[in-house]
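Keep the structure open while you read.

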Amino acid sequence: MAASPILAYDVGGSFVKAGLVNVAEGRLAGEVLRRATPADAAPEAVMDLLADMARELPSGGPVGLAFPAVAKRGVAWTAANIDKRWIGTDARALLEARIGRPVAFLNDADAAGVAEMTLGAGRGRDGTVMVLTLGTGIGTAIFVDGRLLPNTELGHLEVRGMEAEHRASAKVRADRGLDWPEWAAAVNEVLAAYHALLWPDVFVVGGGVTENWEHFGPLLKSRAEIVPAHFRNDAGMIGAAMAAAALAEHRSAS
Ligand code: BGC
């Protein structure tokens, strides 16, 4: 595993974060840059921002990019909470061309899940683990005996006639002014729907809102075990950096 810190980004509907990650220890190796997602969050505007952030965080080697969309072979295929012009965009090729370094491009919840399973709340867990990120949307990552099923997108599962993320994301709580018990009840409906279909052994609940775990964590209920994410809001960056390190190893071995 690469010893020098790896540059990683987590692009969200509201903020873009960048940091240097010590992958072996699973921690940020310095300050995290946090910028509002450009109002015109089209690919070019976001790429400009990512290139600026790379200049502010001098580093070398591969780069990780966690993104809030279906991510397959470098291309974004959906855009629920980001500009629609991303659909069909080869984000990996664009960023590689901008910064001249190899890029690992993956879904943000999958990235968070990789971090949690490798060194966080899901470490050493077998069976079915479902990692959730509650933020602008709801991200999901499913692991079976530690192996990821990528791009599950269950934030869009319909629960009683409404998409899960329109019912219970952290943004919904803020937008509708829900108190913690009201919001926890909405999250519980989503957990019940996921459980009925997938029977996970454990839900790892992440996203920035978990800073308030004491207000809502004890109110969450499921037949599966429920644990808070370890990396909280940094999981996307840390997991993206892990994916970048794996990419570098893979390339040097082939
Ligand atoms: C997107 C997912 C993403 C999740 C969390 C959803 O709206 O479709 O790709 O993982 O939000 O950002």
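Let's start with V204, which sits in strand β14 (residues 202-206); strands here are DSSP E runs of at least two residues, helices are H or I runs of at least four, and both are numbered from the N terminus. This is a predicted model, where local features need pLDDT of at least 70, side-chain atom pairs count only at pLDDT 80 or more, and totals for chains, interfaces and linings use all residues. Residues are numbered from 1 along each chain as its sequence is written, and side-chain values use heavy atoms, with hydrogens and water left out.

V204 counts as buried because its relative accessibility is 1% (buried is under 20% relative accessible area, exposed over 50%, partly exposed in between, with a 1.4 Å probe and protein chains only). Beyond its neighbours within four places in sequence, V204 has contacts that include E116, A121, M130, L132 and V227; contact means heavy atoms within 4.5 Å.

Now the cores. The largest nonpolar core has 29 residues, and Y9, L50, L65, F67 and L95 touch the most other members. Such a core is a set of buried Ala, Val, Leu, Ile, Met, Phe, Trp, Tyr and Cys residues joined through side-chain atoms within 4.5 Å. Its largest share, 6 residues, comes from α1. Looking past residues up to four places away in sequence, L95 touches Y9, M47, L50, V63, L65, G100 and V103. A second, separate core of 26 residues includes M130, L154, W183 and A184.

On to the helices: α1 and α2 pack at about 45 degrees, with axes 10 Å apart. The axes are lines fitted to C-alpha atoms over the stretch in contact, and angles run from 0 to 180 degrees between N-to-C directions. The two helices are therefore oblique to each other (under 35 degrees is roughly parallel, over 145 roughly antiparallel, 65 to 115 roughly perpendicular, and the rest oblique). Among the residues meeting here are M47 and L50 from α1 and L94 and L95 from α2.
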